[in-house]
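I opened my notebook today to look up a few helices and their neighbours. Here is what I wrote down as I went along.

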Amino acid sequence: MMNRYICIHGHFYQPPRENPWLEAIEAQDSARPYHDWNERITAECYGPNAASRILGADKKIIKMVNNYASISFDFGPTLLSWMERHAPEDYENVLKADRESLEKFSGHGAAIAQVYNHMIMPLANVRDQRTQVVWGIRDFEYRFKRKPEGMWLAETAVDIPTLEALAEQGILFTVLAPHQAASVRKIGEHSWAGIKGDSIDPHMAYLCRLPSGRAINIFFYDGPVSREVAFADLLKDGERFANRLLGVFPRETAAAKLVHIATDGETYGHHHSYGEMALAYCLHHITTHNLARVTVYAHHLAKFPPTHEVQIIENTSWSCMHGVERWRSDCGCCIGGHHGWHQKWRSPLRAAMDWLRDRLAPLYERDMGEFTGDPWAARDNYIGAVLDRSPQNVEKFLRENFRGELDPGQKVKVLKLLELQRHAMLMYTSCGWFFDEISGIEAVQILQYAGRVLQLANELFGQDFEMGFTALLETAPGNIADLRNGAVVYERFVKPAVADLARVGAHYAVSAMFDDHAREKEIYCYTVRARNYDLRQSEGRMLVTGCAHIRSRITWEEGVVDFAVFHSGDHDLRAGARPQTSEEAFRAMQHEMDKAFADNNLAQEDRLMEQHFGAGKYALKYLFKDEQKRIFDEILRSTMEEFEAYLRGIYERYYPLMGVKEELHIALPKALVTCIEFILNRDLVDLLNREETDIKALERVAADIRRWSFEVDKTGVRFAAVKKITLLMRRLQEAPRDTRLLQLVHDILRALAPLHLNLDLWRAQTAYVDISRQLHVPGQHSTGKDPHWEGLFKKLGDDLQVRHLS
């Protein structure tokens, strides 16, 4: 065992999904019942891997472990940025695991860095290659409080300039697929041995000498086992997973051998449900039976420096058999599932991005050259401001990187120039080309980043590059008739998303009409301070007029915006916003709007909207997406209440038929079944969402569904149930002796049990184990004195499938 080492690497990554104008992810319907895909995958993968359950023979939890502390891993910087804000507990568990791994692996951490926004490095220019590496390192240092020893390349896409960029910044190693090796030789020998396919020996690290005189170490992961983990069923059984890894070792050898695999981290829990548990049991089985030593790349490299060197095949990757063509041509690599589809759009899309980047680079250099002698070094250093956008830190960044004392207008210009460059890199995020259709959410996302670049370029340089950009997009053919090319996709999905201060003002005015008006409000990355806000109501109609000071916390751009909103009932909502020209013009607009509203003169309202706001008119569809949904739900609330009341009346009237159905074994009409199922599922979710849960009512609804074999909306009910149980268990962590809470959680789980919802309660189970450790319960470690509480706690452990340890 002493010479057998195992390393499992997880590449954890999601593409940046933030709306470029808001710096926030808007609701993604395809991720329901979660708000967006980051939230969903965090619940399915990133969180559970920090609290992975190991089961005993009785299928009850015997241990919970943080997988990250025992594997090698990289996390996308933009993903960690999102987690820091929206999943802070899971984020901290990732950082904590790396700190624990430092102790476990002799000062070498489990985490390695990642190029900043998953750009395909061989297709990037030299400047972008450098910034991607610098930003990836700086982001890593900010979060993990140490220098990274290794760095993951997006899609393991590699060429010599990329390796030079890594080595120049002090990166010691990277990880590649076995087919990316060209030839090897023992250090000190002269002749090279060619490598065919996956035939390189993956059991060691290799030294790669570079033209500059620098060198970098490379690990080539085990291809067959990695593919079985990612695409086969190896994660169905943790012990089988362990035995597969152990079976790779040569039968007899005295030399140290490393067996290592690399897959997407999302394999463990998202792509394969409960894959994180298979990973945990695999590591548990190996270590408890002393079958091999678990290690991480940096630790293994320190113990066993390379004895061989390697030459790579340039312009290759782990996910395209044609090299890096998947990100620039119709090479045939695709997700599949749509007969007859092509990816001819990939090449024109990249050409359009390259055209935009290269047209703007000299203009950036020219304008930024007014403030610094090295515009590109300023871009490299900008990551420090991106990581901490507090005014004090941004001011510090500006003082340290630019000449003299900048006035407010110059600061805005500098920040806009840097934001233009940030988005000009984000628009190269690899996922934009990876999938099958140019109108898919991933391609639309990078087009939105390009849209932000175009907007900033117009504001900064006074030139409109959009026509040239969309002309190139016209040559990018799509697969959907209604979205025939990239220009149509841009027009349909990007232009409506473009935001400026006026649009933020319109959003503020409309949202305040349906919410408690706040004089100061944070709207995504903007701060809004109302200077005037007047709400008038009459016979179900509403009018809002006012003005507000709006400031971007990203570019520091600011201004005063006048606004007006008419709402005449239902979905008829018209809003207008414009930059304020003068106080007198605002007062005149407000007076005219008030009079038209008082006279109930709809034609005059429309005329005034056109007169005062022109192109700055907005309807509900132009609001930011989350607010659209909230306001639309508010507008429809009375309609939905009427609809539900009508269905409930049918349900209550015909409820006695349930007994007849059961007695006569006769099926109910489908329309009636649909009505009853809607009401029962609605009641289940409503009962779970209430602050005070009516257990008797919950038991009755669940029993009715079970008794009469109605269909449960498992997605919606499961989501509400997990949310409720998790909330209650968090409260129990704060007050672990609260017997009422203990009883309530037990009662809810018992009431739902007949529905067989298969609830994934890993957060609740983690809380239970934490309480056990806090209080040292008898049978769960020992404390004594309250038999009633201990009995309830034991019952709850049974509900949660946690074994009572002696």
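Predicted model: local features only at pLDDT ≥ 70, side-chain atom pairs only at ≥ 80, totals over all residues.

**Entry 1: what covers α17.** Which residues of α17 are buried? In this helix, spanning residues 466-473, I noted F469, T470 and L473. I then looked down the axis of α17: the buried residues fall within an arc of 90 degrees, so they line one face of the helix. A reminder to myself: an α-helix has 3.6 residues a turn, so residues three or four places apart point the same way.

**Entry 2: α19 beside α22.** Next I looked up helix α19 (residues 501-513) and helix α22 (residues 625-654). Their axes come within 10 Å and cross at roughly 25 degrees. Angles under 35 degrees count as roughly parallel, so I wrote down α19 as roughly parallel to α22. The crossing is left-handed. Which residues make the contact? From α19 I listed H507, V510 and S511, and from α22 E627, R630 and I631. I sorted the residues of this contact into two nonpolar, two polar and two charged.

**Entry 3: L698.** My last stop was L698, which sits in helix α25 (residues 695-707). Is L698 buried or exposed? With a relative accessible area of 0%, L698 is buried. Beyond its neighbours within four places in sequence, L698 touches L684, L687, L688, T693, I748, A751 and L752. I also checked L698 against D358, 340 residues apart along the chain: their C-alpha atoms are separated by 62 Å.

How values were computed
Residues numbered from 1 in each chain as written. Heavy atoms only, no water. Buried < 20%, exposed > 50% of the residue type's maximum accessible area, 1.4 Å probe, protein only. Helix = DSSP H or I, 4+ residues; strand = E, 2+ residues; numbered from the N terminus. Arc of directions from axis to C-beta. Axes fitted to C-alpha atoms, helices over the stretch in contact; angles between N-to-C directions. Parallel < 35°, antiparallel > 145°, perpendicular 65-115°, else oblique. Left-handed = near helix turned anticlockwise from the far one by under 90°. Contact = heavy atoms within 4.5 Å. Nonpolar A, V, L, I, M, F, W, Y, C, P; charged D, E, K, R; others polar.
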